[in-house]
Amino acid sequence: MKLCDFEALSFDCYGTLIDWEAGIAAVLTPWARSRGLDLDSEALLTAYSRHETQAESGHPADLYPDILARSFRALGAELGGQVSDSDARALARSVPDWPAFPDSRGALTSLGERYQLIILSNVDRESFAASNRRLGVTFTSILTAQDVGSYKPSPRNFDALRAEARRLGIGDGRLLHVAQSLFHDHIPAKQAGLPTAWINRRHGRPGWGATPAPPAPVTPDWEFPSMRALAAAAAG
């Protein structure tokens with residue numbers, strides 16, 4: 001298929017549209033320094049990613065701020081650094097401060113002229129509403145982990161996405177899922193029969209950052225280094 005064949009694009013938000021690594025590191029890095037831990041931001045994000053994944057799979061009904069706090073406490077226990085209630089609250093309440101990638105708003109605005117835009121995000125409604133004010137875009141539909149009752153990569157989230165596409169009258173095969181995380185998005189989206197576009201925000205950098213490594217090989221249908229590149233390809 002060509003990009004012009006699709007009727008709608010569904011997006012992961014955090015890591016794809018919002019720079020969640022910068023947002024999380026802005027809390028974890030000064031905390032680590034204050035506890036005398038000799039770890040840079042990349043090492044902290046890698047360690048943190050394991051605990052967030054465990055929290056989301058083990059507590060799927062928890063709201064995302066509670067997941068953040070729970071993950072931070074588990075990280076502290078692993079590294080031997082105290083995580084106070086104040087520390088945990090700082091991360092739990094930090095989502096509204098996480099910056100949008102500089103190209104997200106313009107790319108979404110351009111894409112919105114051609115496609116219906118859907119969000120499928122691992123957060124709660126209140127957290128996403130704060131981030132959406134940074135994006136400045138009206139989405140056709142917004143599906144959060146709070147709405148679904150589970151976190152990606154659970155198949156339930158992609159079942160909910162497909163059901164929403166049907167409700168919107170989007171034809172079979174006419175929805176493209178766009179995301180950064182191979183672990184959270186591309187593997188389960190492919191298993192759900194959805195074509196995908198990889199926004200490889202970490203191109204040129206080693207490791208997986210705040211996202212776990214994919215547990216199995218996966219080949220997205222398209223790969224772009226940025227949202228701007230996707231929008232340009234769609235326009236061409």
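## Two strands side by side

Two strands count as paired when DSSP finds at least two bridges between them. With that in mind, let's look at this predicted model. Strand β2, covering residues 116–121, pairs with strand β3, covering residues 141–144. Their pairing is parallel and runs over four bridges.

## Where two helices meet

Helix α6 (residues 125–135) also has a neighbour to explore, helix α5 (residues 104–111). The axes of α5 and α6 come within 9 Å and cross at roughly 85°. Angles from 65 to 115 degrees count as roughly perpendicular, so α5 is roughly perpendicular to α6.

Which residues make the contact? On α5 they are S104, R105 and L108, and on α6 they are R133, R134 and L135. Sorted by class, the contact of α5 with α6 has three charged residues, two nonpolar ones and one polar one.

## Aromatic pairs

The count of aromatic pairs in this model comes to five. F6 and W222 form an aromatic pair, with 5.8 Å from centre to centre. The planes of F6 and W222 have 75° between them, and the pair is edge-to-face.

What does this pair tie together? F6 lies in the segment before β1 (8–11), while W222 lies in strand β6 (residues 222–224), so the pair ties together parts that are 216 residues apart in sequence.

Terms used:
Residues numbered from 1 in each chain as written. Predicted model: local features only at pLDDT ≥ 70, side-chain atom pairs only at ≥ 80, totals over all residues. Heavy atoms only, no water. Axes fitted to C-alpha atoms, helices over the stretch in contact; angles between N-to-C directions. Parallel < 35°, antiparallel > 145°, perpendicular 65-115°, else oblique. Contact = heavy atoms within 4.5 Å. Nonpolar A, V, L, I, M, F, W, Y, C, P; charged D, E, K, R; others polar. Phe/Tyr/Trp six-rings, centres within 6.5 Å; stacked < 30°, edge-to-face > 60°.
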